[in-house]
Amino acid sequence: MNLTVNGVDATIESGPLTSLLDVLRDELGITSPKAGCEQGGCGACTVIVDGEPRRSCLTPVAAVDGASVTTVEGLGTPEHMAPIQQAFTHHYAAQCGFCTSGMMMAAQAYIDRGGSDDPGAIQEALGGHVCRCTGYVKIIDAVGAAARGDSFDLTVTAAGATMTNLGGVA
Amino acid sequence: MASEVLLPSSPAEAVELFGDGAGTTVIGGGTVVVPEMTYGRLHPKRVLLLTRAGLAGITVEGDTITVGATTPVDALLELEDRVPALAACARNVADYEIRGQATVGGNLCGHGDLQGCLLALDATARSAGRDGERSEPLEEFLADRSGRLLLDVSFRQPAASAFVVLDYPHTHEYTVLAVTGARTADGETRLAAGGVAGPGARLRSDEALASDPDAAGAAAASDVTFADDALASAWYRGQTLPVLVRRVLNQLEESA
C-alpha cells in the first residue's frame, strides 16, 4: 500500500486493517494526529484525506490506499506557519493542545471548501471535535479570522497580551 | 488482527466474495466496526472491505430513487429538494466528518438512524446472500438480515415528507427518537419511528388516523416498544412520541 503524506510518498508496511492513525503515528512517526477516544467521538485524530477531513482512527489504511493525506506537519513550519496556525496562535485557541491538531485540520478543510466566518457554520463544521479545556470561543474566533483571511500579529494575542516565546517568529 | 482482508472492485465481486456471509465481517465506512477492532471486542477472521466495490452512489430514474449501500450518509443531503425528510434525517447523524465516511448501508444495518425514515419511504432493500439476490421491503430485510449483503435501497419520491427528531445537545448520540412521515401522490400517508427498541418501526395505527393528528399522536405508542436506556427512559420516549407524530402530520399538511 502507498500513501502520499504531506507531499511525501510512503510505502506502507502495516496490515490492511491498521488504522490510518496508527500508520501515521507508529509507522511514519507523524504524531500530530492524537489518539483520543479512538472511536470517532472526539476529533483529535482528524486529518485531511484527499481534501476531506476524516477521523484517522476510524479509517482502515487499506480503505485509503493511494490517498493523499495532510496532517498539521504539512500545513506549515514553525518559521512559516500556515494562516490557520497563525490564527490559532494569535487568538490563543489552544490550551492543553490535545484537540488542536484535529481542530486545525477540520478548520483547514472547512476553509478549503469555502467556509465563511459565520460562527454557526463553524460550529457545524467542528461539531465532532471536543475541547476538554472548553476553549471553544477562542477556537471559533480563530477559525473565523482565518476564514476571513485576516493578517496576524504574532507578537501579541488578540486579547492584547505579549507573546514573548514567539518573538520574531512569523 | 484479521487473517484475510478482501477488497472487491465491483459489486459482482463483492457478492461473490460475500457468499453466504458466514464468518465474514463487512466494513463499509468503518465508523462502527473499526472501534470494535481497536478495543479488542471484535477479532474478524475474514473482512470484506467495500470501499472500492462500486456500491456507492445515488441514481434517480423517473420518480424512483436508488441509494447504493456504500453511499456516504452525507450524500443524502443532495436529496434535499426531492425528499426533505431524508436529508433532514441524514443531517441529524453524527457530525460532518462521520457523515462523510459512514455509509447508508452500514447505518441501516447498524445503529440505524436512517431506518425509520426509509421505512416511512417504503423503501425496497436489494441484497445478496446464500439464495442469491433478492429485493424485499426494507421492513422485512431489517427483521432478518443475517447472511445478507445489502446492495442498495430504493423508493419512490413522495409528494411530501417531514422529519421531526427529539434533538439532543450532543453531536454523537444515536437518534433518541424521531418520526418520519411521507405522503404519496395519491394521498397515502406512511409514518415510521426511529430510536425505538430494535429496528425502526412503521406506525400503522397512526397512519390510519393520519387525518387527525391529535388522535394519531395519542395512538402512537401502541405500535412500538420503547427503548429504555441512558439516552432516554422508555417513559420519556412514550410521552414524546405522540408529540412528534402530531408535528410530522401537521408539517405534511402544511407542505401539501
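In chain A, helix α2 (residues 83-90) packs against helix α5 (residues 136-148) at an angle of about 140°, and their axes are 8 Å apart. Axes are lines fitted to C-alpha atoms, for helices over the stretch in contact, and angles run from 0 to 180 degrees between N-to-C directions. Helices (H or I, at least four residues) and strands (E, at least two) are DSSP runs, numbered from the N terminus. α2(A) and α5(A) are therefore oblique to each other; angles under 35 degrees count as roughly parallel, over 145 as roughly antiparallel, 65 to 115 as roughly perpendicular and the rest as oblique.

The model is predicted: local features need pLDDT of at least 70, side-chain atom pairs count only at pLDDT 80 or more, and totals for chains, interfaces and linings use all residues. Residues are numbered from 1 along each chain as its sequence is written, while chains are lettered from A and ligands numbered from 1 in the order in which they are written.

Pro83(A), Ile84(A), Ala87(A) and Phe88(A) of α2(A) meet Ala142(A), Val143(A), Ala145(A) and Ala146(A) of α5(A), where contact means C-beta atoms, placed from the backbone, within 7 Å. By class, this contact of α2(A) with α5(A) has eight nonpolar, no polar and no charged residues. Ala, Val, Leu, Ile, Met, Phe, Trp, Tyr, Cys and Pro count as nonpolar, Asp, Glu, Lys and Arg as charged, and the others, Gly among them, as polar.

Seven of the eight residues of α2(A) are buried, that is, with 20 or more other C-beta atoms within 10 Å of their own, all placed from the backbone. Among them are Gln85(A), Thr89(A) and His90(A). The cover over these buried residues includes α3 (100-112) and α5 of chain A. Just after α2(A), Tyr92(A) has a positive phi of about 55°.

Chain A has five helices and five strands, in the order β-β-α-β-β-β-α-α-α-α. Its overall values are tabulated below.

| Property of chain A | Value |
|---|---|
| Span of the C-alpha trace along the principal axes | about 50 × 35 × 30 Å |
| Buried share of the 170 residues | 51% |
| Share of contacts with a separation of 6 or more that join residues 24 or more positions apart | 60% |

Notes:
Two residues are in contact if their C-beta atoms, placed from the backbone, lie within 7 Å. A residue is buried if 20 or more other C-beta atoms lie within 10 Å of its own, exposed if 12 or fewer, and partly exposed in between; C-beta atoms are placed from the backbone.
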